[in-house]
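Hi,

Here is the structure I promised to pass on. Have a look first, and my notes on the helices and the sheet follow below.

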Amino acid sequence: MIPTLSTPVRIAPKSNLGDLARHQATQPMNAEKAEVDLPRIERAVREILIAVGEDPDREGLRKTPNRVARSYAELMAGLGSDPQVLLRTVFKDGYNQVVLLRNIPFHSMCEHHLLPFTGHAHVAYLPDGKVLGLSKIARLVDAFALRPQLQERLTDQIADAIMDGLQPLGAVCVIEATHNCMTIRGIKKQGSTMVTSAIRGIFQTDDASRGEVLALIYGTSRLT
Ligand SMILES: [Zn+2]
């Protein structure tokens, strides 16, 4: 049960958000399309610059609030998309072995510090008569990553979306990421990586299936 799937988060007080969300989900995500209140971010960034003792009107900083606003629109573009739309295009197929998309690069924004965390997602499922285009899996990762996020929740949301949208026999999402809030501030542990996994369906109940899919993800399968 994932609230964000049935009730996509909307970030602007618009009356036609339903249409907007549907439209955006079919379009490549970029800063221009995201429905973000840019002037409001600009005002906030100006306040931050003043608060840290800077002069927001000096030459080098004059356009910074606008640049930051635009980058935020891009970094939060997933909020304007409905990830379930990506799962509507499925292909009927008799393929009944594990499908794995490994090493999907992503970046997201830690919701506790609004600092980036970056890494790779590995997404696998065991089809039950339906398969998904590989690019759809990669876009699903972006749709959930481009918003204020926690790595644990991101991992769960990707696996649950595949279970809900595709109804496979099982799904796995493993994410390995480095968090800037841990490497450049606070405890400052450079090089530490956080690994999270969400294991669903047959991969949860059947040890052999889980072993096989994890071996594929980590590249140690006897098949390769
Ligand atoms: Zn953080």
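One convention before anything else: a crossing is called left-handed if the near helix is turned anticlockwise from the far one by less than a right angle, and right-handed if clockwise. Bear in mind that this is a predicted model, where local features need pLDDT of at least 70, side-chain atom pairs count only at pLDDT 80 or more, and totals for chains, interfaces and linings use all residues. Residues are numbered from 1 along each chain as its sequence is written. Helices (H or I, at least four residues) and strands (E, at least two) are DSSP runs, numbered from the N terminus.

First, the helix pairs. The axes of α6 (residues 134-145) and α7 (residues 151-166) come within 10 Å and cross at roughly 135°; axes here are lines fitted to C-alpha atoms, for helices over the stretch in contact, and angles run from 0 to 180 degrees between N-to-C directions. That angle makes α6 oblique to α7 (under 35 degrees counts as roughly parallel, over 145 as roughly antiparallel, 65 to 115 as roughly perpendicular and the rest as oblique). The crossing of these two, α6 and α7, is right-handed. On the α6 side the contact is made by Leu-140, Val-141, Phe-144 and Ala-145, and on the α7 side by Leu-154, Gln-157, Ile-158 and Ala-161 (contact means C-beta atoms, placed from the backbone, within 7 Å). Sorted by class, the contact of α6 with α7 has seven nonpolar residues, one polar and no charged ones. For the classes, Ala, Val, Leu, Ile, Met, Phe, Trp, Tyr, Cys and Pro count as nonpolar, Asp, Glu, Lys and Arg as charged, and the others, Gly among them, as polar.

The other pair is α3 with α4 (residues 64-75), whose axes come within 8 Å and cross at roughly 125°. So α3 and α4 are oblique to each other too, and α3 passes α4 in a right-handed crossing. From α3, Leu-38, Ile-41, Glu-42, Val-45 and Arg-46 meet a set of α4 residues including Thr-64, Pro-65, Val-68 and Tyr-72. By class, that contact of α3 with α4 has eight nonpolar, two polar and three charged residues.

As for α3 itself (residues 38-51), its 14 residues reach 20 Å from first C-alpha to last, close to the 20 Å expected at 1.5 Å a residue (the expected span is 1.5 Å times one less than the number of residues). Just after α3, Gly-53 takes a positive phi of about 95°.

Now the sheet. Five strands form an open sheet in the order β5-β2-β3-β6-β7, with mixed pairing (two strands pair if DSSP finds at least two bridges between them). Its edge strands are β5 (148-149) and β7 (194-201), each pairing on one side only. Helix α10 (residues 207-217) packs on the sheet, touching β2, β3 (115-126), β6 (170-179) and β7, and its direction makes about 130° with that of β3.

Strand β2 (residues 99-110) pairs with β5 in the parallel sense over two bridges, and Cys-110 stands opposite Gln-149 in β5. In β3, Cys-110 stands opposite Leu-115. Ten bridges join β2 to β3, which run antiparallel. Their hairpin has four residues between the strands, and there Leu-114 takes a positive phi near 50°. Ten bridges also join β3 to β6, again antiparallel, with Tyr-125 opposite Ala-171 in β6.

Cheers

Note on methods:
Contact = placed C-beta atoms within 7 Å.
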